[in-house]
Amino acid sequence: MASELSTDQPDDVEGNALPNVDVVIATHNRPELLDIALKAVLNQSYSGKITCYLVFDQSEPDLSLAQRSSAREVVVTTNDHRSPGLAGARNTGILAGHGDYVAFCDDDDEWLPEKVALQVQALLETGRPTSVTGIVVLYSEHESVRIPSQTSMTLSELVRNRVMEAHPSSVMVRRQVLMDEIGLVDEQIPGSYGEDFDWILRAAQAGDFAVVEKALVRVRWGQSLFSSRWKTIVEAIDYIIAKHPVFLSSRQGLGRLYGRQAFALAALGQRREALRKAGAAWKHNPREKRAYLSAAVALRLVSASWAMNQAHKRGRGI
């Protein structure tokens, strides 16, 4: 099982050199957090080559961060795609690299030292195209461990339940599969919201995941740039539903997305639209908690910020 992987350095089954790993960090005016994320990447226990692409999006690049050695390299660049935002920035980093594997790290997250070594080992041993690990969610003074299982990382389960444990900062993928089968990050998604979910759905269709059942990424919640972009969230969810017809056959999955839209509409103060969307969520899945929570926000029984705070304390999202 993935959770039983050793901590020894992986060896290619054919005795070749360890695969080169490209790490893409998209960033926007968060130098203190970026410093933590970058140091964690460079201090990985993996003895193979790691090249980190720092992609500055709509912000001045810090060229002083560039460095190069035999085992570690940092390349500083800017988002050169037409679409500003996370999707364009990630694609800039992907296309700039040449490594065998590609990994992503948000600029406010932190990898544990064994992450790269264990994921490379998992990919080499299983031959699967993509790997994910567990995470530790940090919010205020609270910590929550979230670890995906092999059975949770299927297309049907991702559609039904999203599987928040499969965080983008935990992803590692074979470059050839990424380019030939899965594809780049979708830059048409409004505001880049949910681009990671769209991508992981496509990755699930390219083959089974190599799941490392250990919490190897520290994820800081509450730093999200989407926390108050409610209109963008509503539009992006409409886009994802239209792009992935598989949701139409999942009452629970569709109910969850409608519940998210209902909450965003309630946070915007659009009471009538929020209650209508909450009703749609309830109709698809009467157990969908977001339907009831959104109605409470729309009726001003609780505030949107209070509801989000309570969810984040439990390592959950809305």
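Visitor: How do you know whether Phe104 is buried or exposed?

Guide: Buried means a relative accessible area under 20%, exposed means over 50%, and partly exposed lies in between (1.4 Å probe, protein chains only). Phe104 has 5%, so Phe104 is buried. This is a predicted model, in which local features need pLDDT of at least 70 and side-chain atom pairs count only at pLDDT 80 or more, while totals for chains, interfaces and linings use all residues. Residues are numbered from 1 along each chain as its sequence is written, and side-chain values use heavy atoms, with hydrogens and water left out.

Visitor: What makes Phe104 and Trp199 an edge-to-face pair?

Guide: Rings of Phe, Tyr and Trp (its six-membered ring) pair if their centres lie within 6.5 Å; planes under 30 degrees apart are stacked, over 60 edge-to-face, and the rest tilted. The structure holds three aromatic pairs. In the pair of Phe104 and Trp199 the centres are 6.1 Å apart and the planes 80° apart, hence edge-to-face. Phe104 belongs to strand β5 and Trp199 to helix α6 (residues 195-204), so the pair ties together parts that are 95 residues apart in sequence. Trp199, with a relative accessible area of 4%, is buried.

Visitor: Why is the pair of Phe197 and Phe247 called edge-to-face?

Guide: The centres of Phe197 and Phe247 are 6.0 Å apart and the planes form an angle of 65°, which makes the pair edge-to-face. Phe197 is in helix α6 and Phe247 in the loop between α7 (230-243) and α8, 50 residues apart. Phe197 counts as buried at 4% relative accessibility, and Phe247 is buried at 0%.

Visitor: What makes β5 a paired strand, and which strand does β5 join over four bridges?

Guide: Strands (E, at least two residues) and helices (H or I, at least four) are DSSP runs, numbered from the N terminus. Two strands pair if DSSP finds at least two bridges between them. β1 and β5 run parallel and are joined by four bridges, with Val24 partnered by Phe104. β5 also pairs with β9 (residues 172-174) over three bridges, in the antiparallel sense; there the partner of Ala103 is Met172.

Visitor: How do you know that both faces of β5 are covered?

Guide: Tyr101 and Ala103 on one side, and Val102 and Phe104 on the other, are all buried.

Visitor: How do you know whether the span of helix α8 agrees with its number of residues?

Guide: The expected span of a helix is 1.5 Å times one less than its number of residues. Helix α8 (residues 251-267) has 17 residues and should span 24 Å; its end C-alpha atoms are 24 Å apart, so the two agree. α8 is mostly covered, with 14 of its 17 residues buried. Gly269, which follows α8, has a positive phi near 85°.

Visitor: Is Asn29 called buried or exposed, and why?

Guide: Asn29 has a relative accessible area of 55%, so Asn29 is exposed. This residue lies in the loop between β1 (21-27) and α1 (31-42). Asn29 has a positive phi of about 55° although it is not a glycine.

Visitor: What makes Gln58 buried or exposed?

Guide: Gln58 counts as exposed because its relative accessibility is 55%. Gln58 is placed in the loop between β2 (50-56) and β3 (67-68). The phi of Gln58 is positive, about 55°, although the residue is not a glycine.
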